[in-house]
Amino acid sequence: MERVLTCAHCQRRINRRDDLVVALVFFSIVPYHTGCYARALRGCQSAVIGNEPINGVGFTVAAVIGTLTAIWVSVEFSVFMGIIFLLPAGIRLYSLYTIERAIE
Ligand SMILES: [Zn+2]
């Protein structure tokens, strides 16, 4: 089954993975074209769009650091505190499986 990804800004189809930016808007994960993401960031939507793309390098690094911190906090303090630091990794994986996987 083929899933079609449509850009949240221009409503057109996103065909290529290198033209895909996954952004956090409020508490949902939204796909954009690379150019549309830049336009949306500059426009009036910038207040609600996350500055760091979820499928970007910065967010991936944050997810890795968060996971390491989660392990450390779980061992040193409590598992419940550690879970909070797993949030970036959770969002990263969610984006990978629900959005980025739709494009080869
Ligand atoms: Zn677009």
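Mentor: Of the 104 residues of the protein, 24% count as buried. Keep in mind that this is a predicted model. The secondary structure comes to 4 helices and 2 strands. Along the sequence the pattern reads β-β-α-α-α-α. The C-alpha atoms fill a box of roughly 50 × 35 × 20 Å along the principal axes. Take the contacts between residues at least 6 apart in sequence: 52% of them join residues at least 24 apart.

Now the pair itself. Two packed helices are described by the angle between their axes and the distance between the axes. Here the partners are helix 2, residues 57-76, and helix 4, residues 87-98. Their axes come within 7 Å. The crossing angle is roughly 130°. The crossing of helix 2 and helix 4 is left-handed.

Which residues make the contact? Helix 2 supplies Phe-59, Thr-60, Ala-62, Ala-63, Gly-66 and Thr-67. Helix 4 supplies Leu-87, Pro-88, Ala-89 and Arg-92. By class, the residues of this contact divide into 6 nonpolar, 3 polar and 1 charged.

For context, turn to helix 1, residues 34-42. Its buried residues are Cys-36, Tyr-37 and Ala-40. They cover an arc of only 105° around the axis, so they sit on the same side of helix 1. These buried residues of helix 1 pack against strand 1 (20-25) and strand 2 (28-33).

Two backbone details remain. Most residues other than glycine have a negative phi. Gln-11 has a positive phi, near 65°, and is not glycine. Gln-11 lies in the segment before strand 1. Phe-26 is not a glycine either, yet its phi is positive, about 50°. Phe-26 is found in the loop between strand 1 and strand 2. Are these two residues buried or exposed? Gln-11 has 8 other C-beta atoms within 10 Å, so it is exposed, the cut-off being 12 or fewer. Phe-26 also has 8 other C-beta atoms within 10 Å, so Phe-26 is exposed by that cut-off.

Technical notes. Residues are numbered from 1 along each chain as its sequence is written. This is a predicted model: local features need pLDDT of at least 70, side-chain atom pairs count only at pLDDT 80 or more; totals for chains, interfaces and linings use all residues. A residue is buried if 20 or more other C-beta atoms lie within 10 Å of its own, exposed if 12 or fewer, and partly exposed in between; C-beta atoms are placed from the backbone. Two residues are in contact if their C-beta atoms, placed from the backbone, lie within 7 Å. Axes are lines fitted to C-alpha atoms, for helices over the stretch in contact, and angles run from 0 to 180 degrees between N-to-C directions. A crossing is left-handed if the near helix is turned anticlockwise from the far one by less than a right angle, and right-handed if clockwise. Ala, Val, Leu, Ile, Met, Phe, Trp, Tyr, Cys and Pro count as nonpolar, Asp, Glu, Lys and Arg as charged, and the others, Gly among them, as polar. The arc is that of the directions from the helix axis to the C-beta atoms.
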